[in-house]
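Dear colleague,

Please find the structure we spoke about below, together with its sequence.

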Amino acid sequence: MPAEDSQTNRPVQQMRECDLLIVGTGLAGLVAALASAPHLRVLIITKATIDESNTYYAQGGIAAALGTDDSPDRHFQDTISVGAAISNRSAVRALVNSARDAITELIAHGVSFDTHGDQLARGLEAAHSVPRILHSGGAATGLAIQTALSAAARSSAIEIIENAQMLDLLVEGGRCRGARVLATESGEQFECRAPVTVLATGGAGRLYARTSNPSIATGDGIAAALRAGAVVTNLEFMQFHPTALDMPGRPAHLLSEALRGSGATVVDRTGRRLLAGADERAELAPRDVVARAIARRLLQTGPGGVLLDARGISGGPPSVQFAALWRTLDEFGLDMDREPVPVSPVAHYLIGGIRTDDFGRSSLPGLYAAGETASTGAHGANRLASNSLLEAVVFARRVAELVTSDADWRGWEFTPARPIAVDARPMDFERPRLQEVMWRDVGIFRSGDGLARASAELARMAARPAATDRADQESANLAIVGMMSARAALDRTESRGTHFRSDHPGTDPGQAVANSYRLARKAG
Ligand SMILES: Cc1cc2nc3c(=O)[nH]c(=O)nc-3n(C[C@H](O)[C@H](O)[C@H](O)COP(=O)(O)OP(=O)(O)OC[C@H]3O[C@@H](n4cnc5c(N)ncnc54)[C@H](O)[C@@H]3O)c2cc1C
């Protein structure tokens, strides 16, 4: 007779056991799985098909200091200066020093990077002091990485289950023992039991309606980790990408920063450059600076008031250099070779996440995290462009290194973590309402009043019990992550990196620390 799940009273149909459970088949999950598979019985699950991930859509490339004009030290300095004084320096060191090995590993798994002569081609992106962005297919790097790694995983001993959504983590005796999973096609639930679980569930761009992220990016790993008692950090830092297509009825397709790296300019309707006077680095200023300048102008002009002009970029026209991107816009009736295209910022990358040490260990024994769902602190308060693909590879490899040698690790107490309670009066809500609150009050410009209002409303949304249907569960997860983000943003009474408070526009040196949170235990 099947066991019964205590939270839902639904029968748990089956139980699966493995040495290592990995949740998520993006870059971080697949790298961790491939590196662990020779040593452990690895089971990897994903709530969609294997390729559906943020990784698949990554455009510009992956940062690595490989040129003779470059060095890990230089990459370290660039990363630290963007991080706005709260970067975890040891994580940054690990990130930049391991870049060469990370690229070697991707190539070994079949990823093919663009070349220039007999060298790997290197692009320039904002706030990098030298060109160091390796790319594939122009600006289709994620597609190349995802398809190569998916193929490598399929031809390995790794067991892969698609359409299997982690609902919650199993916690017994103060340790993570795997996950409760929903088979999204049949509606049945099952348990995956493992002494070690790695969350590689990606980001939470779907907190906002205007986002570059695909539908899977709903913060599931962060929400499940919170419900299991783990500590999260840096959730006030959501990176908004400055230039996504802004055309009524069209998706907010990202226009890669590599375009600006090649000389594309941000202009108003008359063709005047917006950033030339705003920052000495102009279009190549850090993303938060460019995003705020564009958002400010759009508040004055309304939609369509800011355009990206890629005519005359160096290295050949967009249709040749960025062929995939050009084709997408061509389908929408826009010719980037001949005309500027309307842009506005979108929610893009969640800097915060499950707090981990430099080896991906969370505060909950048996639980690790890697990639966008984790927060190693390597990005500080602002991510340097193209460092996230690198982070996913580097820290997934470090997780694999540890779990294949030290699976009996007993936990790490991160202190202090502020306990945040959900409201006692649950509120039924639709996801668009949550996204509206996030965009209005926890968006590019924030204020104490707006954040307090958002925190209260999101706390009531987060009180709703988790559901058993995929979309509903995702909305419940977004509510928890949104609530934590709003609270963290409310508590940070200054502006730093991606977090901008209109009522506290300056940076306060006294707040140069990463803030951590956990869910308050229910009374009784
Ligand atoms: C349009 C776009 C362009 C980008 N361009 C770049 C770039 O040029 N350079 C760069 O460095 N970064 C870029 N990024 C960011 C980068 O792609 C991501 O940060 C990175 O790919 C994250 O990898 P990941 O493995 O952590 O997560 P993902 O690749 O998002 O994978 C998450 C996985 O977890 C699964 N999952 C989620 N929840 C559950 C659940 N409950 N149960 C089971 N499975 C679940 C998903 O289905 C997916 O398989 C870009 C992002 C976007 C969206």
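Predicted model: local features only at pLDDT ≥ 70, side-chain atom pairs only at ≥ 80, totals over all residues.

Domains and their contact

The domain assignment of the chain gives two domains, of which domain 1 is made of residues 17-202 together with 351-403, while domain 2 covers residues 244-345. Taken over C-alpha atoms, the centres of domain 1 and domain 2 are 28 Å apart, and the contact involves 11 residues from domain 1 and 15 residues from domain 2. Between them the two domains bury about 1100 Å², and carbon and sulfur atoms give 54% of that area. On the side of domain 1, the residues that lose the most area to domain 2 are Gln59, Leu124 and Ala126, which together account for 42% of what that side buries.

As for the polar side of this contact, the count of salt bridges between domain 1 and domain 2 is 0, whereas 5 residue pairs are in polar contact, with both residues at pLDDT 80 or more. Sorted by class, the side of domain 1 that touches domain 2 has 5 nonpolar, 4 polar and 2 charged residues.

Salt bridges

Over the whole structure, a search finds 40 salt bridges, and I would draw your attention to a few of them.

The side chains of Asp168 and Arg180 form a salt bridge with an N to O distance of 3.9 Å. Asp168 belongs to strand β10 (residues 164-172) and Arg180 to strand β11 (residues 175-183), so that the pair, 12 residues apart, links distant parts of the chain. Are the two partners buried or exposed? Asp168 counts as buried because its relative accessibility is 7%, under the 20% limit, and Arg180, with a relative accessible area of 6%, is buried as well.

Strand β10 also provides Glu172, whose partner Arg193 lies in strand β12 (residues 189-193), 21 residues away. The side chains of Arg193 and Glu172 meet in a salt bridge at 2.5 Å, N to O, and Glu172 is partly exposed, with a relative accessible area of 35%.

An α-helix has 3.6 residues a turn, so residues three or four places apart point the same way. Arg433 is partly exposed at 29% relative accessibility, and Glu436 is partly exposed with a relative accessible area of 44%.

Finally, a network of salt bridges links Lys47, Asp220, Arg431, Arg470 and Glu474.

An enclosed helix

Helix α1 (residues 27-36) is largely enclosed by the rest of the structure, because 9 of its 10 residues are buried. The buried residues are Leu27, Ala28, Gly29, Leu30, Val31, Ala32, Ala33, Leu34 and Ser36. The elements that cover them include the strands β3 (20-23) and β4 (42-45) as well as the helices α2 (54-57), α5 (99-108), α6 (141-154) and α12 (387-403).

Pro195 is found in the loop between β12 and β13 (196-199), and it is partly exposed, with a relative accessible area of 39%. Leaving aside neighbours within four places in sequence, Pro195 is in contact with Cys18, Asp19, Arg175, Cys176 and Gly366. Of these, Gly366 is 171 residues away along the chain, yet the C-alpha atoms of Pro195 and Gly366 are separated by 6.2 Å.

Gln435 lies in helix α13 and is buried, with a relative accessible area of 12%. Not counting residues up to four places away in sequence, Gln435 touches Arg206, Leu207, Tyr208 and Ala209.

Arg287 lies in helix α9 (residues 287-301), and its relative accessible area of 6% makes it buried. With residues up to four places away in sequence not counted, Arg287 touches Glu125, Gln239, Phe240, His241, Pro242, Glu257, His348, Arg383 and Ala385.

With best wishes

How values were computed. Residues numbered from 1 in each chain as written. Heavy atoms only, no water. Domains from an automatic or database assignment. Contact = heavy atoms within 4.5 Å. Buried area = accessible area lost by both parts, 1.4 Å probe. Salt bridge = Lys/Arg side-chain N within 4 Å of Asp/Glu carboxyl O. Polar contact = N/O pair within 3.5 Å; in protein donor to acceptor, adjacent residues only side chain to side chain. Nonpolar A, V, L, I, M, F, W, Y, C, P; charged D, E, K, R; others polar. Helix = DSSP H or I, 4+ residues; strand = E, 2+ residues; numbered from the N terminus. Buried < 20%, exposed > 50% of the residue type's maximum accessible area, 1.4 Å probe, protein only.
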